[in-house]
Amino acid sequence: MDRELLEILACPKCKGELRLTVDETELRCEPCRLSYRIEDGIPILLIDEASAYE
Amino acid sequence: MSEANDNWKAGAAYESYMGRWSRPLARSFIRWMTPAGGAHWLDVGCGTGALTSAICDLAAPASVLACDPSEPFIDHARKAVLDGRVAFVVAGVENLPDGNGTLDYIVSGLVLNFVANPGRAIARMSRGLRRGGMIAAYVWDYADGIEFLRRFWNEAVALDSAAAEFDEGRRFPLCKPDALKALFLGASLRDVTISSLEIPTRFQHFLDFWTPFLRGTGPAPAYVASLSQEQRDLVCNRLEKSLTAEADGGISLKARAWAVRGVLE
């Protein structure tokens, strides 16, 4: 995933920073504890489709 | 049928109905914007990729981030726009990426009238823009400007007055120059300019005109889908009689959109 793109993207819930997981399959918002999946290189930034993580 | 096929069909249905006209319109819009090359763009509500593609072809961008809340549309767009400068994201206008105030152009084609709160959407978009950057958008002139839709609704309402409630011309008061200008001025943008963009919409024959109403996505196809076969045939027959075909069977109409642009202070 493009690093510059990552800098532009934000959590749709809190507008905060997103972090790419090591395996590059998810973007995570740490304050919201929400994970947004990446499918075929396309982040799915929809709150309804986010999953909570511990 | 696989989910991927369903997704493709959803995008393809839109293409045959409005999408095919949105491509020449998007090109007309970019030419009107006269953007600088090497810029960073955000395309809000990219749909099947008509505007994203026009940006790549005509504006020599450094990058384009294209967003849409519909996964089927994004799926269609990424297959249609094969350009290394473009990145796609599934995101709605209400939860746009911030852009950190670094983007040069934020554009939105044929979207603002579908957004629940356009004022908030424009305010949200402007957050991603650098100072001096431009927000620009366009919407179809549903009230008077899309002849093929106007012809359809004229016949539909003549048969069923309740059809008027579905008419986009009534449903989208934002699709007028004064409303668009007020929207942009309300977002504290300067140098707000409005223009009409007109494109030819030529149908090869009557079925080329009618078939998209049977399978497209949007208010008119949804209305057609709600009719019985008999009612549908009545609308179809009236339309066929009312449209003037050329010697080769083609039907030439026009479609107009309103474009607006403004610059962030």
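Colleague: Which residue in S7(B) is the bridge partner of B:Leu197?

Modeller: This is a predicted model. Strands count as paired if at least two bridges are found between them. Here, B:Leu197 has B:Ala257 in S7(B) as its bridge partner. S6(B) and S7(B) run antiparallel and are joined by 13 bridges.

Colleague: What is the order of the strands in the open sheet of chain B?

Modeller: The seven strands follow the order S3-S2-S1-S4-S5-S7-S6, and their pairing is mixed. Strand S3 (86–90) and strand S6 (189–203) of chain B each have a single partner strand, so at these edges one side of each lacks a neighbour in the sheet. From one strand to the next, the twist averages 20°.

Colleague: Which strands does helix H4 of chain B touch?

Modeller: Helix H4 (residues 118–126) packs on the sheet and touches S1, S4, S5, S6 and S7 of chain B. The direction of the helix makes about 145° with that of S5(B).

Colleague: Let us turn to a charged residue. Is B:Arg261 buried or exposed?

Modeller: B:Arg261, in strand S7 (residues 251–264) of chain B, is buried. A salt bridge requires a side-chain nitrogen of Lys or Arg within 4 Å of a carboxyl oxygen of Asp or Glu. B:Arg261 has none: the nearest side chain of opposite charge, B:Asp191, is 8.4 Å away.

Colleague: Which backbone oxygen lies 2.8 Å from a polar atom of the side chain of B:Arg261?

Modeller: That oxygen belongs to B:Trp32. Leaving aside residues up to four places away in sequence, B:Arg261 touches several others, among them B:Met33, B:Phe184 and B:Thr193.

Terms used
Residues numbered from 1 in each chain as written. Chains lettered and ligands numbered in written order. Predicted model: local features only at pLDDT ≥ 70, side-chain atom pairs only at ≥ 80, totals over all residues. Heavy atoms only, no water. Helix = DSSP H or I, 4+ residues; strand = E, 2+ residues; numbered from the N terminus. Buried < 20%, exposed > 50% of the residue type's maximum accessible area, 1.4 Å probe, protein only. Lys, Arg positive; Asp, Glu negative; His and termini not counted. Polar contact = N/O pair within 3.5 Å; in protein donor to acceptor, adjacent residues only side chain to side chain. Contact = heavy atoms within 4.5 Å. Axes fitted to C-alpha atoms, helices over the stretch in contact; angles between N-to-C directions.
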